[in-house]
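Let's take a friendly walk through a protein fold, step by step. Keep the picture beside you as you read, and try to find each part as it comes up.

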Amino acid sequence: MKITIKKIMVLAIFSTVNMLAGFLFPNTMPNCFAQLNLINNKTSYINHIQLDTNFLLIPIQIELREIKTEFRYATTNNFTGKKLYKQPIAMLIEPAEKALNKACKKLKSKGLGIIIYDAYRPYSVTQEMWKIFPDERYAANPAKGSGHNRGIAVDLTLFDLHTGKSLDMGTDFDHFSDSAHHSFLGFQQEVIKNRKILRAAMEEAGFRALETEWWHYSLPIPTSNAPVLDLPFKTVYKTYQRFKK
Ligand SMILES: [Zn+2]
């Protein structure tokens, strides 16, 4: 009788620990990719694009004077303090790139340009970020994948086309506190106005804002349709060249 109770207790402890591990570390559980359409090789990516060219990632037209890049994750000037990728290329799926261009035109008419901090980002970089900052308000949970991994999300700010200076948005990019939220109104009117200008242009073009990050916008398409990519920038770019021939 004693042994049976012991066995039951051991089993109960074991299953509780197992359940807690699944809850605390979802990205380490073997079934974490179950709902992710993860593509991590060139052949699978090409096959997927052949089925639906809407998911082809194309370069954002950074040759335009209204678009600049400042890839923070290619430097140590980001929340991780580490260089998370090398030689990035600003890319989005075609419908998102078109929408961004629409927003750019609207902003240009107001004398403004955009600075892109991040667009497509390989899935392995999202995993790295989550290890350092596992907070879903500010970092994508790898169990779900990020809009950046799908090429549907972009992080950006505004600059004045005349002076070349960035607009005051109240906080820096990747500032993880409530002052980065759209609902935070404890700033001067100019900051609130600048955030509203960016948001209005992006939403009018079809993007959706993220309440907790003034710099993050994504195209609202069903994420189950868009594959999560874990491919180097070069591979994604070469695939674009292949399909654009
Ligand atoms: Zn983002």
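In helix α4, which spans residues 123–132, the residues Tyr123, Thr126 and Met129 are buried. Looking down the axis of α4, you would find its buried residues within an arc of 115°, so they line one face of the helix. What lies over the buried residues of α4? The cover includes β1 (38–39) and β9 (228–229).

Why does Ile132 count as exposed? Inside 10 Å it has 12 C-beta neighbours, and a residue with 12 or fewer is called exposed, so Ile132 falls in that group. Ile132 and Thr80 are 52 residues apart in sequence, yet their C-alpha atoms are 6.8 Å apart in space.

## The whole protein

Please remember that this is a predicted model. The protein has six helices and nine strands. Of its 245 residues, 31% are buried. Now think about contacts between residues at least 6 apart in sequence: 73% of them join residues at least 24 apart.

## The sheet

Five of the strands form an open sheet, in the order β3-β5-β6-β8-β7, and the pairing is mixed. At the edges stand β3 (67–69) and β7 (208–210); each has a single partner strand, so one side of each is left without a neighbour in the sheet. On average, neighbouring strands of this sheet are turned by 40° against each other, direction ignored.

What holds such strands side by side? Strands of a sheet pair through backbone hydrogen bonds, either parallel or antiparallel.

| Strand pair | Direction | Bridges |
|---|---|---|
| β5 (residues 112–118) and β6 (residues 153–160) | antiparallel | six bridges |
| β6 and β8 (residues 213–218) | antiparallel | three bridges |

Leu112 stands opposite Asp160 in β6, and Ile116 has Leu156 of β6 as its bridge partner. Towards β8, Asp155 has His216 as its bridge partner. How many of the eight residues of β6 are buried? The count is six, and β6 is thus described as mostly covered.

## The nonpolar core

Next, look for the nonpolar residues inside. The largest nonpolar core has 50 residues, and those with the most contacts inside it are Met91, Leu92, Leu100 and Ile116. Which element gives the largest share of this core? That is α3, with six residues.

Leaving out residues up to four places away in sequence, its contacts include Leu57, Ile58 and Ile60. Leu92 also touches Glu97, Leu100, Ala119 and Tyr120, as well as Gly151, Ile152 and Val154.

Ile116 takes part in two of these stories: Ile116 is among the core residues with the most contacts, and Ile116 is also the bridge partner of Leu156 in β6.

Notes
Residues are numbered from 1 along each chain as its sequence is written. This is a predicted model: local features need pLDDT of at least 70, side-chain atom pairs count only at pLDDT 80 or more; totals for chains, interfaces and linings use all residues. Two strands pair if DSSP finds at least two bridges between them. Helices (H or I, at least four residues) and strands (E, at least two) are DSSP runs, numbered from the N terminus. Axes are lines fitted to C-alpha atoms, for helices over the stretch in contact, and angles run from 0 to 180 degrees between N-to-C directions. A residue is buried if 20 or more other C-beta atoms lie within 10 Å of its own, exposed if 12 or fewer, and partly exposed in between; C-beta atoms are placed from the backbone. The arc is that of the directions from the helix axis to the C-beta atoms. Two residues are in contact if their C-beta atoms, placed from the backbone, lie within 7 Å. A nonpolar core is a set of buried Ala, Val, Leu, Ile, Met, Phe, Trp, Tyr and Cys residues joined through C-beta atoms within 7 Å.
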